[in-house]
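Please read it next to the model.

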Amino acid sequence: SIERVFLLGHADTAEAARRLAAAAATVPAAQRQEAVRDQWNALLGATQVKTPDPLFDALVNRWLLYQAVSCRMWAKAGFYQAGGATGYRDQLQDAMAMAWAAPTMLRQHIILCASRQYLEGDVQHWWHAPLGAGVRTHFSDDLLWLAHACVHYLQATGDTALLDVQTSFLEGPAIAPGQEDSYSIPAISAHTATVYEHAARAIDRSLAVGRHGLPLMGGGDWNDGMNRVGIEGRGESVWLGWFLCRLVADFAPLARQRAEPARAQRWEDAARGWTAALNGPAWDGQWFRRAYFDDGQPLGSQANAQARIDLLAQAWSVLSGAADPELAAAAMAAVDTELTDPVAGLIQLLAPPFTPATTGPNAGYIQAYPPGVRENGGQYAHAAVWALMAQARLACQHPTPTAPRERPYRTFTWLSPAHRSSHPAQRAAYGLEPYAMAGDICSQPPYVGRGGWSWYTGAAAWMHRAAIESIFGLRLGARDLSFMPCLPPHWPQAELTLRRDDRTLRFILMRASPADALLATAPSGAQLLAPGQSLHWTTLAPQCCFVIPLPPI
């Protein structure tokens, strides 16, 4: 046998590259490889689960975060997309999954994204390092993910110093009238502001509403394929209304803490208007509409021949906390009846899909996809994970037959590449890696169950969060944590271990009475922790074990 070691590196000049190569060659290959393994083990071992489902464990313990970091945060490329650009909304969402395992990575990315905001408050949809060449658009949601990521980071770390970090703005020409976007290398402005001001300026820019009292959709609102719905500046987005309601509820208190009560009041007044419109004109009788076109026609309504119901508007009615509880429960019941295919194991993004013969207003390039592919009615994994999170929240808040506790786990298996690849009826059609999340799965013949856009999808980060935050129910704060689990009924026990620095926190979730749970875990020295009970984790001993008793199903 023979062994050869190759090192790849880069530097600004040829001479610097030679010096780097000479220095690197002094480190033995085995030592270098071991250091890399140690780095990955620390990151991927920060959160570990142990359940009766080994496929669930394999994905959650290693593969999901690995995909999010290696592919999304670092490579920014995959088999289906080799662009290498940083997406403003995309990588902010990926980085949010690092709040426990790598909070510094999230912090640094928030500051980076703040620096890609124009003075006017909008942002680059994506850009290429190092020159910053990218695209400026009319998308209505990109800019808001900065504030959302800030809130998530603050809740997990308590590091309010982030909000005071100064960073620059971009300067560049506005998008020409009649154009959807513009590509350029913007200038770096001499004007700077705090991260807080960057985030607040994004909310300030998003308060305008249309004729129904809902936020304006612009050139897209997360679903880039719906780029024609509000392109004339009058179309409205129901999903964006839910998202903004959640964002204002979380961010307005920060404005008050920073002595800006008038700004906070302005946001909250707007949120009251959105809430009234969302629970009023946006309600379609059995579910929430998705949007309104520039001419006022609804999208995602029973009156539509295609796209009668859209998943985003229903899932975020729950996640926002702004919907009438009865309407939100009815909307998610409609998801189960109108958008799910239990045989194929799918939750469609919308249904029925647009067809080439679609009449009425043009929603955008989504209509160019074949029916059942990607945004056009496929199982779009990103949105389906949000549905899983909404299902878990409903099941915990209202454990009724309309919100059974097995539904979130069922949705996890429908999304999981490991479960689809091991399923005797689904694996042949799926056709992708068993360890990497797919961006979408086709829902219509002849390709039902065919996976697409693997690796390069933000669904991996959200899937990890859904497993930990929704199924295990971890509510992690800077100093306190609690659990509101939504384990499937057939799991008698599951474990979650959190590691940071020299501290290891082990939590055993067990279907047993408190007395029986303590007795069963006595060899581990477990202490009792009730569901929903707050635990001040930063003052605990380096090695701790807790048992969380759950009622039998």
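1. Helices (H or I, at least four residues) and strands (E, at least two) are DSSP runs, numbered from the N terminus. Residues are numbered from 1 along each chain as its sequence is written, and side-chain values use heavy atoms, with hydrogens and water left out. The model is predicted: local features need pLDDT of at least 70, side-chain atom pairs count only at pLDDT 80 or more, and totals for chains, interfaces and linings use all residues.

2. Pockets and cavities are found on a 1 Å grid over the protein atoms alone. A cavity is a set of points where a 1.4 Å probe fits but cannot get out, while a pocket is an open set with protein on both sides within 12 Å along at least five of seven lines. Lining residues have an atom within 4 Å of a point. Grid points are joined across faces, edges and corners, and a volume is the space filled by probe spheres set on the points.

3. The largest pocket has a volume of about 980 Å³. Its lining is made of 34 residues, and nearest the centre lie His 152, Gln 155, Arg 465, Glu 469 and Arg 475. At least two lining residues come from each of α6 (145-157), α8 (238-257), α10 (311-319), α12 (381-397), α16 (459-471) and β18 (474-476). The most, 6 residues, are given by α16. By class, the lining of this pocket has 20 nonpolar, 7 polar and 7 charged residues; Ala, Val, Leu, Ile, Met, Phe, Trp, Tyr, Cys and Pro count as nonpolar, Asp, Glu, Lys and Arg as charged, and the others, Gly among them, as polar.

4. For the second largest pocket the volume is about 820 Å³. Arg 89, Asp 90, His 125, Asp 224 and Tyr 365 are the closest to its centre among 35 lining residues.

5. How many cavities of 30 Å³ or more does the structure hold? There are 2. The second largest cavity contains about 40 Å³ of space, and strand β16 (residues 438-441) makes the largest share of its lining, 4 residues. Among the other residues that line this cavity are Gln 379, Leu 415 and Met 437.

6. Strand β21 (residues 503-511) has 8 of its 9 residues buried (under 20% relative accessible area, 1.4 Å probe, protein chains only). Two strands pair if DSSP finds at least two bridges between them. Strand β20 (residues 493-500) pairs with β21 in the antiparallel sense over 8 bridges, and Thr 497 stands opposite Arg 506. The hairpin of these two strands has 2 residues between them, and Asp 501 there takes a positive phi near 55 degrees. With strand β24 (residues 543-550), β21 pairs in the parallel sense, over 8 bridges; Phe 507 has Phe 546 as its bridge partner.

7. The whole structure has 0 disulfides, a disulfide being a pair of cysteine sulfur atoms within 2.5 Å. For Cys 113, the nearest cysteine sulfur is that of Cys 150, 9.8 Å away. Cys 113 is buried, at 0% relative accessibility. Cys 442 is also in no disulfide, and the nearest cysteine sulfur, that of Cys 71, is 19 Å away. The relative accessible area of Cys 442 is 8%, so this residue counts as buried.

Terms used. Buried means under 20% relative accessible area, exposed over 50%, partly exposed in between (1.4 Å probe, protein chains only).
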